[in-house]
Amino acid sequence: MNEPLVVIRFDGNGRVYGPGEILSGEYRLESIAFGQIRAVELSVLWYTEGKGDEDMAVHEFQRLAADDGDWIDPNRPGRFSVALPNSPLSYDGAILKIRWCVRVRVFPRKGKQVVGQRVFALGTVQPVESVAS
Amino acid sequence: MSRSFRIYAKKRGDRRTGSGALAGLGEAIFFGLFFLGGCAGLIAILATLILPQWRVNNEFVETTCVVRAKELGKSQGENGWVYRPEITIDYLVDGRQRRATTYDICHALPSDCKAQQAALERFEVGSQYRCWYDPLELGRVALVRGYSGWTWLLLVIPISFMLIGGGGFVYRAWHWGKSAEHRAATGTGPIKLRANHGNGSGQAALPTIPPSGNMSNSPGTMLRFRLPVSRSATLGLLVLIVVCVLWNLVAVFFVVDVVNRFMEGRPNWVETAVVVPLALVGLLLIYAAFRQLLIATGIGPTLVEISDHPLYPDGKYEVFLSQAGRLRLHSIELLLVGTEEVRYRQGTDTRTESRCVHRTSLFRRDGFEIYGGTPFEVRCPLEVPSGIMHSFKSESNAVSWSLVVDGRVAGWPDYRRSFPVVIYPNGTERADYE
């Protein structure tokens, strides 16, 4: 049996969004049997990369839990639609990068969590490199 | 080897090993034990100190007694001798006489001999006094009652244990099994401990943008706002002066001792070997502090005003610069500078690093003099480039912007003064933050 997988797709295959735009798409759970999922979490979040410790903040969070009576069918894709905030914008700096992504985390009844993530850009900030101070 | 080999390096980031789940369990057990320890301490203090005192004050029966003998009892405690008045009394219970040696109900053993002696002196042998006996245990009697102040202070210890342990356990239990995203989304946990960082007027619409209130609450004389100078420079100077004074106080003490020994003909070479670098560092600190103080006080005040704030990419503004003092300048330059600042933990150390990522010269003038009483003043345009990153601040990372004045002064140390500004995201309406 194949390894469980989460596939995320954005509507219109968009990768660059402006502040306040609607980010929408769907996610599919592959190679996961029906009834084997305890919960699914969808997050739209930003995180930092680079030399500093990672910071993260969640803009939108949804959780479906079978124990709470939510219907989780791995054969049907899940939809999401979120209005993006004004900040922080995606940024590619010298020692700091800010990334936006949609992350789906699946909690199976047995075994390890399955995580799928798709990065997108918020805003059109130009990449920079360090300059002499 | 193509790179240096570090024998010891603290782990950071992904190289940290260990299980997060086990760490969480360990934390929960630790806080749980803290809480239980606090509970045990609280019960012990209630049972041995507070409850007996309460019973004396509320349930013991009053009667009269005659003092037959008294002495200051003395015994060896953990930290030396401890003392307690021991007064032998005859007292009446239901018409029958009983004898007991007592003072208070708690049998406290303080180490203050004089205070205990003074308490003993209040009772005269052969005199009659009031006393209180336990109706459930007639042989239990006390000559003094009330509550001792230090008993309530003792309660602080177990209560603080319970608060720390209980709070930590609840926090850990609340977050048990939650993903990082779930914890970040719920944020405050079971108890709202986080203050509202928004300014209540729309700041929440622009999360992670530093507040701009400080930069726009001071009106300018030539333009709309006068920008405050960066506090970090002033703070740095204060810290440097304090460290310099403290270091040199210690160094002087040791240097005097070393010099005395040399003069007495019995030098201590080991001490000398340690003190010499200590003294050299002290001299360097004096030089550095003096230099910074000279820059701060010898160079006159620098004022920067701006036509509007906060700033936006593509925005056009006017900046006013005023430099006072009696200076002969090689050059003075006004720049817009963008800096990335990051903080990271490496083992138990916390390190910071910064990198300049943008530097635009707005104005420069070379080779001129400023005369005392007539500050140098200039206005210049500021065009914020399009596509630049807005100001950003999170727990460990930041992008910050400032207007920087760089001065190169003849016969004086170069100086740099920073005036922080906030750049908002491109396309954000002003109403979002007003």
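1. A cavity is a set of points, on a 1 Å grid over the protein atoms alone, where a 1.4 Å probe fits but cannot get out, and its lining residues have an atom within 4 Å of a point. Grid points are joined across faces, edges and corners, and a volume is the space filled by probe spheres set on the points. The largest cavity holds about 50 Å³ of space, and the count comes to one cavity of 30 Å³ or more.

2. The structure is a predicted model, in which local features need pLDDT of at least 70 and side-chain atom pairs count only at pLDDT 80 or more, while totals for chains, interfaces and linings use all residues. Residues are numbered from 1 along each chain as its sequence is written, chains are lettered from A and ligands numbered from 1 in the order in which they are written, and side-chain values use heavy atoms, with hydrogens and water left out.

3. The lining of the largest cavity is made up of A:Tyr91, A:Val128, B:Val357, B:His358, B:Ile388, B:Met389, B:Val399 and B:Trp401. Strand E10 (349-370) and strand E13 (397-409) of chain B each contribute at least two of the lining residues; strands (E, at least two residues) and helices (H or I, at least four) are DSSP runs, numbered from the N terminus. By class, seven of the lining residues are nonpolar, one is polar and none is charged. In this classification Ala, Val, Leu, Ile, Met, Phe, Trp, Tyr, Cys and Pro count as nonpolar, Asp, Glu, Lys and Arg as charged, and the others, Gly among them, as polar.

4. The second largest pocket has a volume of about 300 Å³, a pocket being an open set with protein on both sides within 12 Å along at least five of seven lines. Of its 19 lining residues, B:Tyr103, B:Asp104, B:Val144, B:Ser148 and B:Trp150 lie nearest the centre. Helix H1 (20-58), strand E2 (80-93) and helix H2 (113-121) of chain B are the elements that give two or more residues to this lining, and H2(B) provides the largest share, three residues. The lining comprises 12 nonpolar, four polar and three charged residues.

5. In chain B, helix H6 (residues 231-263) packs against helix H7 (residues 269-298) at an angle of about 145°, with the axes 8 Å apart. Axes are lines fitted to C-alpha atoms, for helices over the stretch in contact, and angles run from 0 to 180 degrees between N-to-C directions. The contact of H6(B) with H7(B) involves 23 nonpolar, four polar and three charged residues.

6. Chain A has zero helices and nine strands. Its C-alpha atoms fill a box of roughly 60 × 30 × 25 Å along the principal axes.

7. Over all chains, the whole structure contains 19 aromatic pairs. Rings of Phe, Tyr and Trp (its six-membered ring) pair if their centres lie within 6.5 Å; planes under 30 degrees apart count as stacked, over 60 as edge-to-face and the rest as tilted. The ring centres of A:Phe10 and A:Phe120 are 5.8 Å apart and the planes lie at 90°, so this pair is edge-to-face. The pair links distant parts of the chain, with A:Phe10 in strand E1 (residues 5-10) and A:Phe120 in strand E9 (residues 114-122) of chain A, 110 residues apart.

8. Most residues other than glycine have a negative phi, and most peptide bonds are trans. A cis peptide bond joins A:Ser87 and A:Pro88, with omega about -5°; A:Pro88 is in the loop between strand E6 (78-83) and E7 of chain A. Another cis peptide bond joins B:His309 and B:Pro310, with omega about 0°, and B:Pro310 is in the loop between strand E7 (302-306) and strand E8 (316-323) of chain B. A:Ser31, although not a glycine, has a positive phi of about 60°.
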